[in-house]
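Please keep the sequence and the model in view while reading.

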Amino acid sequence: MSEASKSHRADCHYAASRPLLIETTAFALYLFVWKLCMAATLARAPRLAEVGVLGSTYARLLAFTGLGYVLFWVARSYLPTQKYRKIAVALVLALCLVGSIGMMATRRIESLLLASCATVLALGYIGAGIHYDFSLASHGSEFFGRALGIGMGASSLLQYAVEVMAWTPVVFVVCVVLSLSAITWLVARPVNSRRLEQDPSAKQTPTVGGRSVVILVIAAVAMTFNYGLLDSVLVWKYASGEIISVGLSKIVYILSLPFAGVLFDLKKGNLRSLITVCVMFLIAVATPAAETDGWLGMATVMAGVYGAFYVMYLSASFMKIAPDTSRPEVIASVGRAVSCFVGAIGALTARPFFESCGMVATVGVSCLLSIGCLLVLLRDIAWGVVKGLGKDDVAFGGDLAQPSGPSRVEALSTYVEKLGLTAREAQVCSLLLSTDLGVQEIADELFISRRVAQRHIASIYEKAGVTTRIGLYRDFDVWFDETAN
């Protein structure tokens, strides 16, 4: 690696940050509580009614979770001030706590469903906010995939550990209360500078259009239906007693999440679509394997692997592009919302389809969905492969000698002169572009007050013609690429 590359990696603002660590922790805790509520409801429902209620119960829970995401989008659009949004969050937290207690206290199936749906509705609202915050905190980070994979893996591991070792109503309520308290404390931390500094009402010119979002939505629908086909077969096998335990599938799923995160970070995430579509074809193999007793264990393993890549792709793809769209607070959680609503439909239709049409038809539909997803993402896959084969900051076919230019650190001083910044503004601008320090941390670093630091930042944004820190990143990146070429 050249000295310029080392300098670029060491000083690039895409380093692991404390805000990203905070958001990863909050993300893991949110998923942990949601998974725990889903598992608790699905475990209690058959005891209060019958096994056949599982499909409709699962569908309801997914639908109400998706509805919670939609409510967050509506609140962000129509609640006028932060005061009203904080009141909405307080009401949602109260609903979640009351609902979780009701889930454990009731002995009637109707009351259980009501309490559970209210709880996951509130969790969907909370989850949409956390997706948005994570998207902002991780934007441009080279650790994006790994942070997401570790967060998801940790949540699944916690949920599995609680189920295996200490599953009681009291433990469930304590886990919910402690997790929600921790989430509330984490998201309010002032160090999370990107989330606090950015206002979705301050629109920038989007670099990702609606067509790209629609393509991802179509791919998400196909992936969700495809995964639902195999899931319905395995659920049917489990309900009939042919699968004694799903522990193996869960362990494989937990281990696969961080692994998927590592793969998603390869070549700056350009190969994410290609990797996911390749893994998607495992379903076509796993579905017929699930019908054979000798291969049933292998089918559950493949289901765990694909499930990890599937949920990672849905979350990562939308959160990755959200800050570059006109509605980041909505786009960040669209993938999860689509998986909830489509998954609810699949929970009601996949098993009857499998039982009535048979294995051949199920495998055929799975293959068609995989091929359709491949075709939808073909352009993105081709672009990712071309970008992935090239070297960092070098055009495709980069074996040819390229003119050497200044490093990003060296270019900062020139960029500061271009903007016409004062000496103090130049110091603030350098910290904004080369670190992930928040406003208060920048003020402490330069021994100035927070108000003075904010005044310098506002002046820098005005001179650069941007409104947010990400906008400043983009402006510097564009200028650096132009001068390097």
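Which residue lies over the face of W34?

## A charge over a ring

The model is predicted. In it, R336 lies over the face of W34, and the distance from the ring centre is 5.2 Å.

## Aromatic pairs

Nine aromatic pairs are present in the structure. One of them joins F259 and F309, with 6.4 Å from centre to centre and 80° between the planes. An angle over 60 degrees counts as edge-to-face, so the pair of F259 and F309 is edge-to-face.

This pair links distant parts of the chain, 50 residues apart. F259 belongs to helix 10 (residues 247-264), while F309 belongs to helix 13 (residues 296-321).

Elsewhere, one aromatic cluster is formed by F27, F134 and F144.

## Packing of helix 19 and helix 20

Two packed helices are described by the angle between their axes and by the distance between the axes. For helix 19 (residues 439-446) and helix 20 (residues 450-464), the angle is about 105° and the axes are 8 Å apart. Angles of 65 to 115 degrees count as roughly perpendicular, and helix 19 and helix 20 are therefore roughly perpendicular to each other.

On the helix 19 side, the contact is made by V439, Q440 and A443. They meet R450, A453, Q454 and I457 of helix 20. By type, the residues of this contact divide into four nonpolar, two polar and one charged.

Note on methods: Residues are numbered from 1 along each chain as its sequence is written. This is a predicted model: local features need pLDDT of at least 70, side-chain atom pairs count only at pLDDT 80 or more; totals for chains, interfaces and linings use all residues. Side-chain values use heavy atoms; hydrogens and water are left out. Rings of Phe, Tyr and Trp (its six-membered ring) pair if their centres lie within 6.5 Å; planes under 30 degrees apart count as stacked, over 60 as edge-to-face and the rest as tilted. Helices (H or I, at least four residues) and strands (E, at least two) are DSSP runs, numbered from the N terminus. A charge sits over a ring if NZ of Lys or CZ of Arg is within 6 Å of the ring centre and within 35 degrees of the ring normal. Axes are lines fitted to C-alpha atoms, for helices over the stretch in contact, and angles run from 0 to 180 degrees between N-to-C directions. Angles under 35 degrees count as roughly parallel, over 145 as roughly antiparallel, 65 to 115 as roughly perpendicular and the rest as oblique. Contact means heavy atoms within 4.5 Å. Ala, Val, Leu, Ile, Met, Phe, Trp, Tyr, Cys and Pro count as nonpolar, Asp, Glu, Lys and Arg as charged, and the others, Gly among them, as polar.
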